[in-house]
Structures are given as structure tokens and as C-alpha cells.
Amino acid sequence: MTSLENTTEIKQSSEVTEHHDDFRMFGLITFLIADGMTFAGFFAAYLTYKAVNPLPEGAIYELELPIPTLNTILLLVSSATFHRAGKALINKDNRTSQKWLLFTAFLGITFLICQLFEYFNLPFSLTDNLFASTFYALTGFHGLHVTLGTLMILIISWQTRPKGGIVSHENMFPLEAVELYWHFVDGIWVVLFIILYLL
Amino acid sequence: MTILINSKNEQKESLQPKGILRYFSFSLDHKVIGIQYLVCGFLFYLVGGSLASAIRIELASPMSDFMPRDVYNQVLTLHGTIMIFLWIVPVVNGAFGNYLIPFYVGARDMAFPRLNAVAFWLIPPSGLMLITSYFVDGAAQAGWTAYPPLSITTPQSGQIIWILSVLLLGGSSIFGGINFIATILKLRRPGLKLMQLPMYCWAMLGTSILVVLSTPVLAGTLILLSFDIVANTGFFNPVLGGNVVVYQHLFWFYSHPAVYIMVLPAFGLVSEILPIHCRKPLFGYTTMVFSIMGIVVLGLVVWAHHMFTSGTPPWMRLFFTIATAFIAVPTGIKFFNWVATMWGGKISINSAILFSCGFILNFVFGGITGVALAQVPFDIHVHDTYFVVAHFHYIVYGGSVFVIFSSIYHWFPKVTGRLLNETLGILHFAITFIGFNLCFAPQHWLGLNGMPRRVAEYDPQFQLINQVSSLGALLMAISTIPFLINILLSLKNGKKAGNNPWNALTPEWLTTSPPPVENWEGEAPLVKEPYGYGNPIISKQENTKKAI
């Protein structure tokens, strides 16, 4: 947003003295590495618990697979649809891009609804045992990421509107940044799915 | 896409307040933010130092007569947290990093100026929050490590405020780290290669990698801990089937690298100060770079040496002992490099170099006790005794804080255009050095003889040595007075320094003192040999630069 304002300002004042490359994406990647380390800490804690802390009698590790499998598919498809939105924007087709973005947001919201549905149908609650607590902490923290991502997708889909939107083929960064974040959240989910549901 | 940066400079000049008001504003200028970090950190240092004095007054007698036991626990928790998270980490990273790194890479500002300002402005509120938790329901009592189950069973509101505050400070630290990595790797002036950067850049690059990789793990851990306290989960609560050792692993995965986050930038700063005041090139530049990166890698895999008494299995003890002993190698290389830099140099005796030499002495001593502590049989004997307290104060105070003072004497003329008073400076050094060693050297003996740390009362046989230690603490408290007088007097009446009072070659001295908002009038200089002292060709260039 700001960079566009800056550019217009400079177009008005004719003297351009210095410029440097855009490294906002570099900063975002560094941030995502940090964010990934938070998840790594959670995963490490979960795996250690599973290895050394036996659950009380009657508690189970097994979870129902249909909903999380559906959720995995939803997120993978949403990554693809987001990619389509980016391609459409490169081709200067804001309207198509906006449609793909809204579809991606729809998939994200569906993911969250499924997740909540799973929460309400699980046989355990947050404080029942160590496995339950870790399960809710991990999926909840990831769900928080999905929620933020969905909100950001809705915002940029509004900003991609053909008239008056600031995201266009000339200013791709907001879309690219959210896309990278979304792929990251997607990738974390795949790891989470494997560790939490399949192992 | 390219971003045009002169609009930012326009904004800097037109929208930002001028004069002293700049320092109370959401300024985007890296120099202003650096000073904000430094002054804010120093104010918290005074708070943390008062708490330390309270601890030493309490320990002057074997009974808890100065303050009740639970207040003592709160005081030591706040002392540790403030000194680490609000003084040393923000100052060695935030203050000097923000001020110097853009100069060193030949840039006009940091890579992300707004993120930079956000990172600073997270610190004062979280620090105030931490201190005021004392008035809510008692501050946190579980020490700066907040080990469960202690942190779960002590009064909760203080502990929760402590967690929130540390989370905010961790966020600030991560934002800073991202900014430094981007600035050093991406914002270098065209033509400037990585291996031509001043050593402080390398130190900050290594530190920032540690910050970005390890701080988020602490954040996650503290979130789980707050669930245990608020939502009654059992992650770290053995009563509910949880595992306290998992907390220790996750906590030390951050907090051991935190030692390097505090001391690696100090290494970098010393490597800047020594060559200038000894008029010799920095000895072994390449080995210095590799040892910094070696410390970064090794620093991430030694955390469990804090946990030798937590039921760690033998293979883990073996691995972490060996890895820890290995860290002595790169650290030793750096130590010998500094000594070799000074060897045969034209050393000018001033406050900056005295504090740097004090750092080298203290740090070697702290390093040696560190290697000793890494050995399991010895560690089990002195674990949680005053030996550990003495060891890490030699590292963080004798190491990092001495370097902070050295750097203040060295860069004060850059920031203000005036020199600090040398008589007061040398007095400051003498009292600090004597007070510090008097305070902490005897604590090795206390620890070896079994005096436990973090307890308000102790066996009367330790009283005399504790009183010697408290006398040292008194001297350290007094040492702040000449320093403050010096700063306040020199701000107004200090001797005019000129642009380059030390005849230095590093880029920050090749501009006016204090520097203009854009750092340089015109193009940034290309400094390929920041340590080319004694080299006739470079000295000639230096002279021509001065003439310009």
C-alpha cells in the first residue's frame, strides 16, 4: 500500500536519487521461518509427550480420519486456487483473480467450519489428558493461522477489485505475500496431519 | 520491483519532530531508534540494578530481615528478567545494532524502518507492565526461568503478566532480528562484499539468526505454560500427567542461545573498538567470521547442559558435554585474535579500551568456569549454587555490560559530537572493575562450598564472604554515579570531538558527528578495508577523505 503511495509521490517530484530492490518478501520468509520454529517447538513437545508420558487408562490416541482428510484436501485445493488467482492477476485480469481469491477464502472458511465440527464431536475436551491438551493447542494454533490467512485473503480480494483496488499486476506484493503465507499454513497442516493423525 | 527511498527521507524531514522531541516520537530514523533503545535500556538497568542492590543488602546477613522471603523471590525474578530482556538484549542488539549497522552496510536506514520502530515501542510498555505487576498481586516469583511446577503453584496474576511481558519482548526481538538479517544481507551498498563488512555486522547476523530460530520456541513454550496456569491444562504439571522436563528442554532451547544473543554482539563491538584504539588491523578477520558462525551453529545444540540434574540420560549428558566443550574453541580463537590485535599496537589508554580490556579479562574467567560447568561431575556438585551465579555474571556483566560501557565511551562523540570526560571515565572503570570482581569472585567460593542460589537465607558460616560480595555490589552501585555525571555534563559541556576523534576507518566515522538524517551528504563511502590501520595506501585515502 505504502510503496504505491511513495511511487506516486515520486512521480510528482521529479528528482529520484536512489532506489533499492524490494526485499519485503525476504523479510516475510524470515518471519515464516520464525513462525515455523514455533510449530517445531510444539511438534517436539508433542512427540516427546507421546514417547515418554503414558496416558491414563482408557484414554486413546486414535482420531477419526474423515474430517481431517477432507480438511487436508480443502487446504491443498485452496493453495492451487490461490495460485490461479496470482496467474490471473499477472494476466491483468482482476475480476478472475478476485473470483479465485474469494473461492480460496471460501475453502478456508469451510476448513474452519469442519475443524469446529470436529472439535464439537471429539470424545475429549481440553483438560482431559495430556494428549487432548496438546491436540487442541496444536490444531488451535494452526486454526488461528488459518483464520488470519482467511481474513487477509478477504482483504486482498477486496483490494483486487477492478476499479479502485490497489492490488494489480503492477503491485503484486500484497497478493504474493498472502499467497506465500497461505502455502506455509498449508504445509504446516500437512506436517501436523501426519504427526497428529497418522503417526 | 524497486522501492524508491527518497520519499522516506522526505517524510523523515517533514513529518518527524525535531530536536529532543524526536526521541519521544514514533521516529523511523535508525539513529533515533538506536538512542531510544539505549536510553530506555539504561533506565531499566537502573531499576534492575536497584533490585540487585536490594538482593545484596538482604544477603549481607544470614536471616531474611531486610525483606520477606516471597518479596525476595519477586525481587530476584524481576532483577533477572529486567537485566536480560530489557537491558542487555535490547541494548547490545537494538541500540548499537540500529545505530551502526546501516552505516556499516552503507545504507540510509534499516531495511524495514516501520517494523524497526514497532520493535522498539513494544519494549517500554512491556517493561512497565512487568514492573507494575509487583503492585497487582505480587510479581512473578519463579525466577527468570519460570520453571514449572513452581511457576504454576506461585500466585498466578504476577506470573501471567510476566509471561505476557516476555512474549511481547520476544516479539520485539524477532522483529529486530528479521530487520538486521534483511539489512545486512540485502541492503549492502553496491560493491561492498560480505567479507569486507566490519565484524559487528557478522556478529549481528549470527545473533539475528539465533534470535529468529530460537525465540519463537520460547514464545510457544510460554503459551503452553500460560494454558497450564489459566486453563488448567497439564502440559508441565506432573499432577495432571504433564512433563516438567519438556518445559526445561524448550525453555533452554531459547535461553542458551540467549546467552549468545547477549554476548555475540558484544564480541562484535569489541572487535570494532580494539583495532581503532590500538591502531592495528583486526587480527584474523576470516577466522573471526568462521568462529562467530561456529558459535551460532554450536550454540543451538548445547542447551541441555543446563539440565544435567534433571534426570538427563547418560548419552545426552555425553553429547551436550562434548558440544559445550567445543564452543570453547571458536571462543578461544576470538580471544586470541583480540590479544593479537592489541599485541604490539600503539594502544591509547582511555575509558573505551579499559572497559574492553576489562571485558577480555572477565570473559576469559567466565569462559573457563563455563567449560568447568559443562563437565557433568562438576556440574552436579555446583548445580544451583552461587558458583553458577558467579559464572553467568562474569559472562553477562563482566562480558556484555562492560562492552556496553566501552561502546558508550567509544561512540558518544559520534552521537553527540562531544567527547566524554576521561578522568570520570577512568574513575568509572576503576570502581566498576574492582566492585564487579569483589562482588562476584567470592561467589565462586560460596558456590563450591554449597551455598544455594535463589534463597533469602543461608548458613551463618557464609556471612563474611557474603558481606565482601555485598561490598562489591555497593561499589558497582556507586560506579553509576560518575558515569551519569559524565554523560549529563558532557552532553552540554563536553570537549568538541570533531567528526572523527579516533581517526577511525569504519564507515560511521566518515560522516559528520552527529550524522545528518540521511547518514551521508551525497553517496555513501565504499569502505573495503574497515581495519586498514598501518597500511600507507589506506591511510592516504583516509587523509583525503578527511580533507573532503
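Trainee: What share of the contacts in chain A with a separation of 6 or more comes from residues 24 or more positions apart?

Mentor: Two residues are in contact if their C-beta atoms, placed from the backbone, lie within 7 Å. In chain A, residues 24 or more positions apart account for 79% of the contacts with a separation of 6 or more. For chain B, 83% of contacts between residues at least 6 apart in sequence join residues at least 24 apart. Keep in mind that this is a predicted model: local features need pLDDT of at least 70, side-chain atom pairs count only at pLDDT 80 or more, and totals for chains, interfaces and linings use all residues. Residues are numbered from 1 along each chain as its sequence is written, while chains are lettered from A and ligands numbered from 1 in the order in which they are written.

Trainee: Which secondary structure elements does chain A have?

Mentor: Helices (H or I, at least four residues) and strands (E, at least two) are DSSP runs, numbered from the N terminus. Chain A has six helices and one strand, in the order α-β-α-α-α-α-α from the N terminus. Chain B comes to 17 helices and one strand.

Trainee: At what angle do H2(A) and H5(A) pack?

Mentor: Axes are lines fitted to C-alpha atoms, for helices over the stretch in contact, and angles run from 0 to 180 degrees between N-to-C directions. Helix H2 (residues 24–52) and helix H5 (residues 130–159) of chain A pack at about 160°, their axes 11 Å apart. That makes the pair roughly antiparallel (under 35 degrees is roughly parallel, over 145 roughly antiparallel, 65 to 115 roughly perpendicular, the rest oblique).

Trainee: Which residues make that contact?

Mentor: H2(A) brings Phe42(A), Ala45(A), Tyr46(A) and Tyr49(A), and H5(A) brings Leu130(A), Thr134(A), Ala137(A), Leu138(A) and Phe141(A). By class that's eight nonpolar, one polar and no charged residues (Ala, Val, Leu, Ile, Met, Phe, Trp, Tyr, Cys and Pro count as nonpolar, Asp, Glu, Lys and Arg as charged, the others, Gly among them, as polar).

Trainee: What percentage of chain B is buried?

Mentor: A residue is buried if 20 or more other C-beta atoms lie within 10 Å of its own, exposed if 12 or fewer, and partly exposed in between, with C-beta atoms placed from the backbone. Buried residues make up 55% of the 548 in chain B and 30% of the 199 in chain A.

Trainee: And how does Leu491(B) count?

Mentor: Leu491(B) sits in helix H16 (residues 463–493) of chain B. Leu491(B) counts as partly exposed because it has 13 C-beta neighbours inside 10 Å.
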